[in-house]
Structure formats: structure tokens, C-alpha cells
Amino acid sequence: MNAPTKTSAEPLRLFAVDGEDVEVLSAAMQDAIFRVADMAYLPAQRRFAMVGCRFDWLAAACSGKAERTRAGLHFDSVQKAALSGFDPKNRETTLNLLGITFSQEEAPGGVVELVFSGGAAVRLHVECIDAQLRDLGERWSARAVPGHPLGETDK
């Protein structure tokens, strides 16, 4: 990995309170890479939090720069978290986030699903959508622009 360097891009900070906001979070976090060790469900705080390396799709589209930055994402008002497709005890496993969806059940609650490549997922049963995304540091040049085989998002 290249050493972090400053760019003119402002750190991203987003809040989500409804399904449309979750779609924006999903676009901003597509292809972020997370280690299992950097994910945590904190039932006493009703929070699911994770820190990973976010690919900046906006910088790639606007300036042609392929960059990553550390980013934190957390969901509050979480009643239950379920993991599938990966072993939470294998803390060094890395997961590539494909997208985030929200399925409303009893308003304003529902299920937030974080879908990762390879069929892994995290399902969060939430009382309401209460999420925040924040860039946490310097940017660095990405090794490549992420890509996916056709059909991978259909898993």
C-alpha cells in the first residue's frame, strides 16, 4: 500500500435516517474493505460499528483519482445482529462490501443488510434507521479501481 498523502477532497460525513439515505450510504461505501476484527456488535449500546478502507467513487468519477481512505460506519438502535457466510472467530478475514439495503417492517423499523462479496452478510434488526459514516484519515492511492464479475451482486 502506498503511504497516505493529502488531497483536496474534504472528508465525507453522512447521516442516514431513512431508506433513501441508506442508498446514499451504500453508494459511498461500495467496495469498502473490512477486516472481521474491525466489526463489532455492542448490544448494551444497541450499536453495530465497523471501520474499513473506503474506495472514493466520487473522486474516481470527477477527477480520475483512484483513492481510498479509512472510514467508520455505525448503526444505532440495533435490536439484533446476525452474521452469515463468514466465521466471526476468524478475525483476519477481509470482506468486500457490495452494498447496503433497508427493508422496512414495522415502521420505522426494519432490517439493514450489509452484503459482502462471496455471499457474506450482516443483518441488523433496527428500531429505526440511525446511521453515520465518517472518513477518518488521510487518503492514499488505490492499487486499482474495484470491479466485479457479472452476477456477483445477485448472490
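1. Two strands are taken to pair if DSSP finds at least two bridges between them; helices (H or I, at least four residues) and strands (E, at least two) are DSSP runs, numbered from the N terminus. The model is predicted: local features need pLDDT of at least 70, side-chain atom pairs count only at pLDDT 80 or more, and totals for chains, interfaces and linings use all residues. Residues are numbered from 1 along each chain as its sequence is written, and side-chain values use heavy atoms, with hydrogens and water left out.

2. Strand β1 (residues 13-16) pairs with strand β9 (residues 131-141) in the antiparallel sense, over 4 bridges. Within this pairing, Leu-14 stands opposite Leu-133 of β9. Leu-14 and Ala-16 form the covered face of β1, while Arg-13 and Phe-15 form the uncovered one. In a regular strand the side chains alternate between the two faces of the sheet.

3. Ser-141 also lies in β9. Its C-alpha is 9.7 Å from that of Phe-55, although 86 residues separate Ser-141 and Phe-55 in sequence. Ser-141 has a relative accessible area of 38%, where buried means under 20%, exposed over 50% and partly exposed in between (1.4 Å probe, protein chains only); Ser-141 is therefore partly exposed.

4. With a disulfide defined as a pair of cysteine sulfur atoms within 2.5 Å, the count comes to 0 disulfides. Cys-53 is buried, because its relative accessible area is 17%, whereas Cys-62, at 65%, counts as exposed.
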